[in-house]
Amino acid sequence: MWLPRGWNATSSCPPTSETSPLLGNSNVRSDSWSCKILRVIKADGEPSWAESFKFILFGSWANILLLFVPLSIVSHHLRWDAALRFIFSFVAIIPLAKLLGEATDQLSIKLGQTLSGLLNASFGNAVEIIIGIAALLNGELRLVQTSMLGSILSNILLVLGCSFLAGGFYYSEGSFNLTGAQASASLMTLSCITLVIPAAYASTTRSGLPELPCDIPDDKGGCPSPGLLAISRGTAVLLLFVYCAYLVFQLYTHPQFFRLSLPDEDEEETSSHMNMMAAASSLLLVTIATAFCAEYLVASIEETAQRYHIPKAFIGVILLPIVGNAAEHVTSVWMALKNKYELTISICVGSSIQISALVIPLLVIVGWIVGQPLTLHFENFETIVLFVSVLLVSLLIMDGKTNYMEGLMLTTLYLVIALAFWVTTE
């Protein structure tokens, strides 16, 4: 049977060409929504689905480590030794993190670095939200607080420091948009201050003292005063409003502040190996697999830590955030090695802003709904650590340039903090 060019026997959608009429007539039916969706799925003019998944699965020898993903799942459900579960899950996250970076890199070709960096940070923080809500429902309020604090510290110190350090070995100096960096640093500072105020209120005012007698142990959150709960919940609502305004500012009203445009820039363009739908699907599937492996890893950490006498504070602030954000860690370093510091800043600083201005306030409100008294009151030591960390990062990114020495300073501070939490006892 004869068919017009571009048609096939299984398709009822006419092809789109330059000679297609703009206005329909009695003999030509306008495209239906199903036809439009079909054209997007078929990815006309882009790499096919088979080529896309061939690239993402067989594009690197490191993908052979994907064999550890089923091993992680089997070892968890069969309750193998904690050390084996830890090793299998840890190794499984390595290739998944690389695949997440590849999918994000391919998406950045179509969406731009700002939007793709925001998308990557959002997918990465989904793990923190899931783990945080699970711990919150179980009454582990201190675990929620320490893991959220650790996520912020690991992003702005360890991940950003390693990215600057790795990129500095290939490029003597990296650049990113100064105005956007200042806006991000200012919002990060505001989020830090909102965590300092509840600590100051609880430590210096009589109405901030916890209610006594209290039948809830301190490691479960204790019994915060009504005033402290009111400050935390009101601040959480305000932070959510500010974060929504920040998204509008970053994506719609002032997107030029978060892009770097240099006329003499000779940057190697990333070639497109995946169509947009395949890259987005890969990003979603890999993030889900990473979340499961990270959860299995978290489940094995506490048993392993008890066997080797690792402090609980070190687990919450250092270990859990590292494994929970492993995908973002590798992605950020990968982007720095390609001299894409805009995407690195968007992932690291943007992820920290999401944790402090979105995830933590959201968990406070969820705790309010389910009857768990989660507050923004962190321990004094933790508050000071967060303040000096944000201060150092703000000072380093204010000039819009970076080098390996700045990365070394950030990673050094993170190691000092890790050492402090290693010797911390409950």
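**Briefing on a predicted helical chain model**

Among the elements of the chain, helix α1 (residues 33-42) has the lowest mean pLDDT, 58, whereas α14 has the highest, 92. The model is predicted, and the mean pLDDT of the chain is 77, with 77% of its residues at 70 or more. The points below take up confidence, aromatic pairs, a surface patch and selected residues.

**Confidence along the chain**

- Residues 21-30 have pLDDT below 50, and this stretch makes 2 contacts in the model beyond near neighbours in sequence.
- Residues 261-268 also have pLDDT below 50, and beyond near neighbours in sequence that stretch has 4 contacts in the model.

**Aromatic pairs**

- The structure contains 10 aromatic pairs.
- One of them joins F68 and F88, whose ring centres are 6.0 Å apart; the planes meet at 50 degrees, so the pair is classed as tilted.
- F68 belongs to helix α3 (residues 68-77) and F88 to helix α4 (residues 82-111), so this pair ties together parts that are 20 residues apart in sequence.
- F68 is partly exposed because its relative accessibility is 23%, a value between the limits of 20% and 50%.
- F88 counts as buried, since its relative accessibility of 14% falls under the 20% limit.
- Y243 and Y246 form a further tilted aromatic pair, with 6.4 Å from centre to centre and 40 degrees between the planes.
- Both tyrosines lie in helix α8 (residues 226-253), and because Y243 and Y246 are 3 residues apart there, about one helical turn separates them.
- Y243 is buried, at 4% relative accessibility, and Y246 is likewise buried, at 10%.
- F68 and F88 also belong to a cluster with W80, linked by ring pairs.

**Nonpolar surface patch**

- F169, Y170, Y404, M405, L408 and M409 make up a nonpolar patch on the surface, and together these residues have about 670 Å² of accessible area.
- Two elements, α6 (141-170) and α14 (404-422), each give two or more residues to the nonpolar patch.
- Helix α14 supplies the largest share of the patch, 4 residues; α14 is also the element with the highest mean pLDDT, 92.
- M405, one of the patch residues, is placed in helix α14.
- The relative accessible area of M405 is 42%, so M405 is partly exposed.

**Residue I94 in helix α4**

- I94 is located in helix α4, the helix that also holds F88.
- I94 has a relative accessible area of 41% and is therefore partly exposed.
- The C-alpha atoms of I94 and T290 are separated by 9.3 Å, although the two residues are 196 residues apart along the chain.

**Residue S300 in helix α9**

- S300 is found in helix α9 (residues 276-308).
- With a relative accessible area of 0%, S300 is buried.
- Leaving aside residues up to four places away in sequence, S300 touches A82, R85 and F86.

Methods:
Residues numbered from 1 in each chain as written. Predicted model: local features only at pLDDT ≥ 70, side-chain atom pairs only at ≥ 80, totals over all residues. Heavy atoms only, no water. Patch = residues over 30% accessible without salt bridge, like charges linked within 9 Å, V, L, I, M, F, W, Y side chains within 5 Å. Areas by Shrake-Rupley, 256 points an atom, 1.4 Å probe, with all protein chains shown as cover. Salt bridge = Lys/Arg side-chain N within 4 Å of Asp/Glu carboxyl O. Buried < 20%, exposed > 50% of the residue type's maximum accessible area, 1.4 Å probe, protein only. Phe/Tyr/Trp six-rings, centres within 6.5 Å; stacked < 30°, edge-to-face > 60°. pLDDT = per-residue confidence, 0-100. Contact = heavy atoms within 4.5 Å.
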